[in-house]
Structure formats: structure tokens, C-alpha cells
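Here is a short report on one protein chain. Start with the view below, then read on.

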Amino acid sequence: IGKTNMSFSVDFTLLGFLEWPWLEKVLFWIVAIFYIMIIFGNLTIIVLSHIDPRLYTPMYYFLSNLSFLELCFATTTVPQMLSNLWGPKKTITYTGCVIQLCVFLCLGATEAVLLVVMAFDRYVAVCQPPCYTIIMNPPLCWKLSLMAWPSGLTESLIQSPITRQLSFSAHHHVDDFLCEVPALICLACGDTSSNEWQMTISAILFTILPVGLILTSYGYIAQAVGKIKSEEGRQKAIATCSSHLLVVFMFYGTVAIVYTDPKNCFASKHGKFCAFFYTVVTPLLNPLIYTLRNKEVKESLQRLLKKWISQ
């Protein structure tokens, strides 16, 4: 088998769901509808968070940041996926693969850090309610959200060059629908143990460690919720926090399966299904979870719709 390094003349074939040709056209329309819903749902949260004074709180500031990330996350992968599902040409250029890899890593790591920041916000809101507005002041919120981006950029700058140095088999068939590190490691020839170790360390830093921090904060939150005397206050805290926890487990769970050990049997066989989940399903469900389970967002949306109708 011939070997080659990544070069500007190389095109990669993204196999995606090629082994199920009957499924591709069905998936095309499903993904297309999902993408429209992702754009509409996340844009709705961003718009509401910026135009409704009642939502000028740290929680909705971070939520609008998350929605922006989800929009970018989906847009990095879904258009390429739709192109592959619809047409016979399933290739991506070297430049396209590198750009997708770098942006995908940056956005994924940024979201991992942002979800920890959101957990900290919920911890302060529930455990330190009298000091909430003092602690979570606008400058701190801005710094915390901004802190997530350098973390994601650092992850991208470390992992992307390492992955580009891999040698690949001559056919360049990637068993995935996007260029991501685990799929490229599986395609590589020769010893990839150092790449796998670096990927595992990154997965621990951006999935296992954040989940540990989030669960610790929610341990304190659970204790504080138990002490809330008001039934309404308790239900509101539970609804808000359970929404965040659901998003956390959806995102970190599927990412950890693929990235912690990229060459394990399950990740090799089913990695693209997990990738489909965290690139398409999670960005779709996030706005639905936060809006359908959140009274303030639903009321804000109703006010906005009434205002538009009255005009």
C-alpha cells in the first residue's frame, strides 16, 4: 500500500454513509430540514437575548454565545455533508479538509470550555443568589466567554499540525462525513500511538475534566436546591439546571466516545454516527431544550411575535 503525506494535490474521499446508498437521499432531506431548524432556533435565541431587556442576564448572555457557537459548528460540517449526500462526488480538497479540521477543533474545544462557564454561572445563581449580580457582573461575563475562544484556538493550533504530519494510505478514503482527527488517525499508515496519546490527553482536558468540574458544581447546586423553601423557586432552579445538564451529557458523551480512544472497536465502527449526533443533532436540540423548558424564553418569544403581528 502506498503512503503519502497530506499535500496540496491530495483530495480525500469522505465515505460517510456510502455503504447505505438508499439512506443517503433520505438523510439529505432530514439533514437539510435539521439545518434550517438549527439556523432558525439558534438565531431566535441570539435575537431574543439581545432585544428583550428581561433577558439581559448572564445566563442568556452565555446562552446566546452557545447558540452562536452551534451555528458555526453546524455550518462547518453540514453544507459539506449535504453536498456528499446528494451528489456522486464525495471528495474534499486538501485545503478544504485542513480548514474544516482547524475550525472544527477550535469550535468544539471552545464549546467544551463555555459549557463549564455556564455551569459556574448556574452555581453562583443557585448557591449565592444575593451576590449573583455582583459576582457575575458584565465585565466578568465578557472575560469568561472570551476565555473560551483562546482555549479552542490553542487546541486547534496543537492538534491540526500534528494531524497534517500523518502518512496516509494511497486511496485517501475517510470513513466519515467530515475531516476530523479520529477518522484521519484511522486512515493513517504506520505508528500513530503518539497521535492517539495526544488525542486522548486533549479529550481528557476538554471532555473528562470539564464534566468533572460541571458535576462537582451541580453537586453543590443539588444541596442548595434542597434548601430552597419556595416550591416555585425550586422548580425553576431544577428546570434551568436540568436543561444545562442534558446539553452537557449530549455533547460531552458523544465526543468522549470518539476522541478518548479513536481506534477502539466501537469508535472505529460507529464514530461517524456519534459525529453526526454532535454536529447535527446537538445544535438542533440545544435551542429546543432551552426554549421548550424555559418559561422566560417562551414568554419573550410570544411578546416578540405579538409585536410583529400588531405591526
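## Around Thr-93

Leaving out residues up to four places away in sequence, Thr-93 touches Val-10 and Asp-11 (contact: heavy atoms within 4.5 Å). Its side chain reaches the backbone nitrogen of Gly-96 at 3.0 Å. Thr-93 sits in strand β3, residues 91-93 (strands are DSSP runs of E, at least two residues; helices are runs of H or I, at least four; both are numbered from the N terminus).

Thr-93 counts as partly exposed because its relative accessible area is 42% (buried is under 20%, exposed over 50%, partly exposed in between; 1.4 Å probe, protein chains only).

## Basis of the model

This is a predicted model: local features need pLDDT of at least 70, side-chain atom pairs count only at pLDDT 80 or more, and totals for chains, interfaces and linings use all residues. Numbering runs from 1 along each chain as its sequence is written, and side-chain values use heavy atoms, without hydrogens and water.

## The nonpolar core

The largest nonpolar core has 90 residues, and Phe-12, Tyr-259, Phe-276 and Tyr-278 touch the most other members (a core joins buried Ala, Val, Leu, Ile, Met, Phe, Trp, Tyr and Cys through side-chain atoms within 4.5 Å). Helix α3, residues 94-127, gives the largest share of this core, 15 residues.

Beyond its neighbours within four places in sequence, Tyr-259 contacts several residues, among them Phe-104, Met-199 and Tyr-278.

## Ile-201

Ile-201 belongs to helix α7, residues 193-227. Ile-201 is partly exposed, because its relative accessibility is 46%.

Note on methods: Polar contact = N/O pair within 3.5 Å; in protein donor to acceptor, adjacent residues only side chain to side chain.
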